[in-house]
Amino acid sequence: MKKIHFFTLLFCMLFFLQSIAQSPEKKMRIPLKHGAHRVGKRTDADMQRWREYGLGQFIHWGVYAIPGGQWNGKTTHYAAEWFRTSGLITKEEYDNLYKQFNPAKFDAKKWAKQAKQMGAKYMIFTTKHHDGFCMWPSKYTDYTIANTPYKSDIVKELVDAYTAEGIDVYLYFSIIDWSHPGYQAGTAITNDDRLNWAGYTAISNEKDKAGYEIFKEFTRNQLIELLTNYPTVKGLWFDGSWDGVWMKEAAWVDALGTELRDMHPGLIIGSRFRADENGKRHEDTNGDLIDDYDQRFERNLPNSLAETKGFDWDCVMTIPENQWGYHRDWSLTYVKTPYDLIEMTVKANSLDGNFVINFGPDGDGNIRQEETDIAKSIGNWMSVNGDAVYGVQHSVLEKQDWGHSTAKGDITYLTVFNKPMNNLLKIKVPRSKEKDMIYVIESAMFKSTKKAAVVRDGGRDKSGSVYYDIVLPADIQKLSEPFVIEIKLKQVNKGEKAAYQQALT
Ligand code: JFZ
């Protein structure tokens, strides 16, 4: 008897614990000092502006552009901006490259105009990559642009030129700094950046600890310096914060973030800046997003809204496979086409994210021909179809084989990447959540020609889902680009649907 009571009690307890764990309302939240400071999205105007960008440009530029992945006749096919670690160059040789940095062809205004034509609404620039070289004249180190033959402040030139074109500027800043004697590299505790960062050196002695304190203050000074020198920038794009030593500084980094936000109202910082006190990055111990948007989608897009967890996010993408900085030889890598990049741009926006395309200018300050051509093609497409990308959200349509859909107000944009052979574009409309109501396509228009499209009843499937066929023009098969159809979806009473279809066909 006693035994039965014991097991009944145990069972009840387990049941209770399980129900707490499962129900979201009752989910126990662990109090955190340095986790997310907000649950859910930011709602202010600056973040709303970020959300509406749709398309951005990333620029990786630094002294690594001089070797461009090659040294003494040898080539590395690993990321060119990591060239210092390639084994092809000595550290001393690399650390003296800046003495040759003199990009005679650099024209910030030309880059900004090109980005504008491409349709980029924001630009992220590498002020300092892992090598520690500063593209601005930082007063906290000599390893800067001021001590190159070029001398001028490149960050300022770019901030001014892009801002003048109406493109918002964000500053990329690497926490990793190989040039600072106090910097310490440690293994990530949670390796959710998929990076296998080797070379762990725990801070075990007092000298290193003191050195790291100096490095922290140096980092803080540089960030304050950047926001002071370039007050028009909208945010900071951090990198290298997977470093284990940095991650253990949760309280200090959190306080630094607050300090930066206080001095620069509206500042936007992604999830790759700091860890919580348990070493959790991006999502804190409670699963809430740390800081303003999710930076985990790097060279990789989500496939569903569920995967985004409802967070704001951006995806940064290279044009070759994995080269951010300038690499002279792209012959061994697949180079994405404008089509690929447009598809990714629309896909990102159909899942409520921004898409950012990276450029790696060369040591003279030229943007290579391949990138120039790609930017131009994307820009030409965006000038006609940009409405399907800017300021949009995901639509109510489910993902369909022909492409991606986005929405703004009462318009749904269908961006077609796969043309149907029979010229009938079959659209599955969602089921209405309201009783006796049904979605119909009220009107359809080709974005490029502004011509109305014929919509026919497209039948239904076994599950009762309703379809419409949009009749494509006969010459559509000749079109070599993705195209956009704007439709207006409306919910009508089931009885009204027949009348609607008669009116349409
Ligand atoms: C980092 C850098 O190491 C790289 O050189 C480049 O600047 C890129 C934008 O950022 O590389 C990363 C960082 C994070 C991931 C992958 C590469 N990640 O989250 O998968």
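User: In this predicted model, what is the handedness of the crossing in which α10 passes α11?
Analyst: The two elements concerned are helix α10, covering residues 338–350, and helix α11, covering residues 369–385, whose axes lie 9 Å apart in the predicted model. The crossing in which α10 passes α11 is right-handed.

User: How many nonpolar residues does the contact of α10 with α11 have?
Analyst: On the α10 side the contact is made by Pro338, Leu341, Ile342 and Val346, which meet Ile374, Ser377, Ile378 and Trp381 of α11. Sorted by class, the contact includes no charged residues and one polar residue, while the number of nonpolar residues is seven.

User: Is Phe83 buried or exposed?
Analyst: Phe83 is placed in the loop between β3 (74–75) and α3 (91–95). Leaving aside residues up to four places away in sequence, Phe83 touches Pro67, Gly69, Gln70, Trp71, Thr76, Leu88, Ile89 and Tyr94. Because its relative accessibility is 0%, Phe83 counts as buried.

User: What separates the C-alpha atoms of Phe83 and Ala65?
Analyst: Along the chain, Phe83 and Ala65 are 18 residues apart. In the predicted model, the separation of their C-alpha atoms is 9.3 Å.

User: How many aromatic pairs are found in the whole structure, and which class describes the pair of Trp61 and Phe106?
Analyst: A search of the whole structure finds 29 aromatic pairs. In the pair formed by Trp61 and Phe106, the rings are 4.9 Å apart centre to centre, with 45 degrees between the planes. This pair links distant parts of the chain, with Trp61 in the loop between β1 (55–59) and β2 (70–71) and Phe106 in the loop between α3 and α4 (108–118), 45 residues apart. The class of the pair of Trp61 and Phe106 is tilted.

User: Which residue of the edge-to-face pair of Tyr78 and Trp82 counts as partly exposed?
Analyst: The rings of Tyr78 and Trp82 lie 6.4 Å apart centre to centre, with 75 degrees between the planes. Trp82 has 13% relative accessibility and therefore counts as buried. At 45% relative accessibility, the residue that counts as partly exposed is Tyr78.

Methods:
Residues are numbered from 1 along each chain as its sequence is written. This is a predicted model: local features need pLDDT of at least 70, side-chain atom pairs count only at pLDDT 80 or more; totals for chains, interfaces and linings use all residues. Side-chain values use heavy atoms; hydrogens and water are left out. Axes are lines fitted to C-alpha atoms, for helices over the stretch in contact, and angles run from 0 to 180 degrees between N-to-C directions. Helices (H or I, at least four residues) and strands (E, at least two) are DSSP runs, numbered from the N terminus. A crossing is left-handed if the near helix is turned anticlockwise from the far one by less than a right angle, and right-handed if clockwise. Contact means heavy atoms within 4.5 Å. Ala, Val, Leu, Ile, Met, Phe, Trp, Tyr, Cys and Pro count as nonpolar, Asp, Glu, Lys and Arg as charged, and the others, Gly among them, as polar. Buried means under 20% relative accessible area, exposed over 50%, partly exposed in between (1.4 Å probe, protein chains only). Rings of Phe, Tyr and Trp (its six-membered ring) pair if their centres lie within 6.5 Å; planes under 30 degrees apart count as stacked, over 60 as edge-to-face and the rest as tilted.
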